[in-house]
Amino acid sequence: MEEQRIPPDQPLKVQPLKEEIEPLDSRKKWSCLGAACSDSCCFRFQQANIFIDEALRLASHFPLTFNAANSPDGKNNLTLSIILRPTVEKNACTYLREGEGCALGEDRPIACKQFPFCMVKGDEGEQKAVLKPSCPGFSDESGEPILLSDGSTNPVIYNECLKPAMIAAETAGETQAFVDTLVKYDLISIACCESKGLKVYLYIIDAQKLHALPKDTRDVLRAKGYMDLILAHINSAVHLRDFIDIYLDRKARQEVT
Ligand code: SF4
Ligand code: SF4
């Protein structure tokens, strides 16, 4: 796979940082529709935001990257993320197996475990649970009640979706501090990876810029515990070639049927 850096002003598709959310009590019931889902979450996104505590584990499955989203002040904010599939067109995540579901099981990202719920910061800075109404599993009639009659959260939803989200939310600040440090030292570049005629543009940690840093700065990164993560990030780019192979193979099979 060829990898080349491209000029930083090269336009890169900006993905929405946030989806529409609603308070938990706005919908009454929920169940995952599984294989019957007409709009599976495993088909929706090319990238998923991740947290620093899961980054090393996920680097053995996914190319780690960064997602850019416009903030209200018009700036491009970067978040830590993974690539789920190599193209933006709507197709399945590389790890979705037909008729079986996710091949990663408990190793799947927290973004997947918590969907369609997540934690957001309230007005007072407190973490609060919300839901993403775009999931077709919400209904007034069928599924698990989200809130029980005493106002507490259904334990099934709490344990399967909200608990992973709450644990992860505690590391959101640490995750962003890692990205901000990389930005501060100008270590993030846009790269173009090409394999079998397919080009994938993505944000990467630039190994050349890393090696060019003064020793003192690299010592600062090491002292913060970032070096292992940075190296895992750089090495995780190898998954992209496999992802492209799987994507092209699936596409060829779709064209035959
Ligand atoms: S969580 Fe929602 S969007 Fe994802 S597969 Fe289940 S019903 Fe579909
Ligand atoms: S990692 Fe698994 S759960 Fe997450 S999008 Fe991919 S197939 Fe779906």
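**Entry 1: the core**

Which residues of the largest nonpolar core touch the most other members? I looked this up and found I50, A55, I82, F117 and A165, in a core of 52 residues. The biggest share comes from helix α4, which gives 6 residues. For my own use, a nonpolar core is a set of buried Ala, Val, Leu, Ile, Met, Phe, Trp, Tyr and Cys residues joined through C-beta atoms within 7 Å. Buried takes 20 or more other C-beta atoms within 10 Å of a residue's own, exposed takes 12 or fewer, and partly exposed is in between, with C-beta atoms placed from the backbone. Nonpolar side chains tend to be buried together in soluble globular proteins.

A note on what I'm looking at: this is a predicted model, where local features need pLDDT of at least 70, side-chain atom pairs count only at pLDDT 80 or more, and totals for chains, interfaces and linings use all residues. Residues are numbered from 1 along each chain as its sequence is written, while chains are lettered from A and ligands numbered from 1 in the order in which they are written.

I then checked I82. Leaving out residues up to four places away in sequence, I82 touches Q47, A48, I50, L58, F62, P63, L64, T65 and P109. Contact here means C-beta atoms, placed from the backbone, within 7 Å.

**Entry 2**

I traced an open sheet of 3 strands, ordered β2-β10-β9 with antiparallel pairing. β2 (22-23) and β9 (117-121) are the edge strands with a single partner each, so one side of each has no neighbour in the sheet. Strands are DSSP runs of E, at least two residues, and helices are runs of H or I, at least four, numbered from the N terminus. Pairing needs at least two DSSP bridges between two strands. β9 and β10 (residues 127-131) share 5 bridges, and F117 has L131 as its bridge partner in β10. F117 was also on my core list.

Helix α4 (residues 155-169) lies across β9 and β10, at about 35° to β9. That angle is between N-to-C directions, on a scale from 0 to 180 degrees, using lines fitted to C-alpha atoms, for helices over the stretch in contact.

The other open sheet I traced has 3 strands in the order β11-β3-β12, again antiparallel. β11 (138-139) and β12 (144-145) are at the edges, each with a single partner, so each has one side without a neighbour in the sheet. β3 (residues 29-30) and β11 pair over 2 bridges, with W30 opposite F138.

**Entry 2: the ligands**

A residue counts as near if its C-beta atom, placed from the backbone, lies within 6 Å. Nonpolar covers Ala, Val, Leu, Ile, Met, Phe, Trp, Tyr, Cys and Pro; charged covers Asp, Glu, Lys and Arg; the others, Gly among them, are polar.

Around ligand 2 I found C42, L84, C93, Y95, L96, C102, L104, R108, P109 and C112. That shell splits into 9 nonpolar, no polar and 1 charged.

Most peptide bonds are trans, and most residues other than glycine have a negative phi. I noted a cis bond between F115 and P116, with omega about 10°. P116 sits in the loop between α3 (110-114) and β9.

D186 has a positive phi of about 55° without being a glycine. The loop between α5 (172-184) and β13 (188-195) holds D186, which is exposed because 11 other C-beta atoms lie within 10 Å.

Terms used:
Two residues are in contact if their C-beta atoms, placed from the backbone, lie within 7 Å.
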